[in-house]
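Here are my notes on the salt bridges, written as numbered points. Keep the model open while you read.

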Amino acid sequence: MSIPTPPFTDEHEELRASARGFIERELAPHAQRWEEEQWFPDEVFGKMAAQGLLGLKYPEEYGGQGGDYLHEAVLAEELARIGSGGAAAGLGAHISIATPPVWKFGTEEQKQRYLAPAIRGERIGALGITEPGAGSDVAAISTRAERVDGGWVLNGEKTYITNGVRAHFIVTAVKTTREGGHHGISFMIVDRREGVSSSALHKLGWQASDTATISFQDVFVGEENLLGPLNEGFKLIMANFQWERLVMALGSVGAMALAWERTAEFARQRSAFGRPLSGHQAIRHELADLATSVYTCRCVTYDALRRFIAGEEPLKEVTMAKLLTQRACFELMDACLQIHGGAGYMREYWVERAARDARLGPIGGGSDEIMREILGRVLGL
C-alpha cells in the first residue's frame, strides 16, 4: 500500500482498497451492459449497503458507519472505477446529494423514516431543485406549495433530476410564499405517490443513470414532511453546494487517474511503425502532459478538501477545484480517445463512453460560467 496523501490516513487507504476491490469485482464488469440498457438495477444500492458504502459519514444509530467526509471522499474517487459515469452518478446522487439535507436538517422521525432506509439501500432518494425555467438561478424556482389543512398541496415541475425515475422520495425545493426568492423557499420530502410522475430524459452521456423531469400535480405533503424551517429553504440549498462540488472534483480526479492508467497501458501494448505507441515522442509527451494534469487536479482538489475538513469556508478553493477538474477531465478523455485512434470511437472501447460521460462536468453542479462568476466576486473583481 502506498503512503497516504494527506488528509488521508492508513485507515482511509484500507477503505479505498476494500471499496476498489468491491467495485472492480461486483460493478465494473456490468458497466457496458448497463450502458446499453440505459439503466443499472436498484439491487446495486442494496449491494452497496451490504458493504457499508451508503452511509460512510452517517451516525451508526441510523445504520451508518460513523465516519466522516473523508471516508465519503474516498468513495467519491473510487466510484469512477465502475467505468460508468451514469452508475457513479446515480449512487453519488443518493449518497452525497439527496440524503445530506435529511441528515443535517431532518427531525428524528424524518431520519428514521427516510435516512435509515436510504442507508440500508431500501429507499432511493433524489434531490429536486432544478426547474425548466430556473436552471442555475435556484432562487427563481416556481414549483409552489399551497397551504391546506394538515400540510400543503404541491404543483410544479423539476428537471434534470438524477434518480428521478427510480426515487422513492424526492427532497424538493418549493416556493412557499407568493414572492418566493431567498426567503420564500422551503424544502419538503415528497414521497412517490399519486400526482408524482416522471418522464425519462435521454442524454449524451451518463447513459446508465436515470435522469428525469418530475411533475407534481396536486400532490399533498403533510406537515411532518417539511424539512427544516419554513421559508428558509434557500439556506438548505446552499448548505451542501460546497460538498457537492468537492465530490464532483474528486470523481473527476478518480476518472482521470483511471483513464490515464488504461491509456498508458494501451500505448505500451499497441505497436505502430515497428514500436509501441509510447515509443513515439509525440505520444510519450502527450501522456506526460496528461499525467501532469491528473496530478495538478488532485493537488488542487485535495487542498480544497483539507480546508473543508478543517472547518474553513473554502468557497474560493472548492470553486477553483470544481472549475479546473471538470474541464480538465473532459480534455483528458478527448486526448485519451485520440491516442486510441479509430478504436476509441467505437462503442466497445471504454474511452468512447468516458469521453461522453465527462462532458457533463463543466455543466452540472454549477456550470463553468457560474464558477467563474463566484470566483470573480470572491476575488473582488
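1. Start with Glu352 and Arg356, which form a salt bridge with their closest N and O atoms 2.7 Å apart. (A salt bridge here is a side-chain nitrogen of Lys or Arg within 4 Å of a carboxyl oxygen of Asp or Glu.) The two sit four residues apart in helix H12 (residues 350–358), so about one helical turn separates them. Both Glu352 and Arg356 are buried, where buried means under 20% relative accessible area with a 1.4 Å probe, protein chains only.

2. A word on the model: it is predicted, so local features need pLDDT of at least 70 and side-chain atom pairs count only at pLDDT 80 or more, while totals for chains, interfaces and linings use all residues. Residues are numbered from 1 along each chain as its sequence is written, and side-chain values use heavy atoms, leaving out hydrogens and water.

3. Next, look at Asp210 and Arg166, whose side chains meet in a salt bridge (2.8 Å, N to O). Asp210 lies in the loop between strands E6 (196–200) and E7 (211–222), and Arg166 in the loop between E3 (151–162) and E4 (169–175), so the pair ties together parts 44 residues apart in sequence. (Strands are DSSP runs of E, at least two residues; helices are runs of H or I, at least four; both are numbered from the N terminus.) Asp210 is buried at 4% relative accessibility, and Arg166 is buried at 6%.

4. Then there's Glu77 with Arg16, a salt bridge at 3.5 Å, N to O. Glu77 is in helix H4 (residues 69–78) and Arg16 in helix H1 (residues 10–27), so this pair links parts 61 residues apart in sequence.

5. How many salt bridges are there by this rule? The count is 28.

Note on methods:
Buried means under 20% relative accessible area, exposed over 50%, partly exposed in between (1.4 Å probe, protein chains only).
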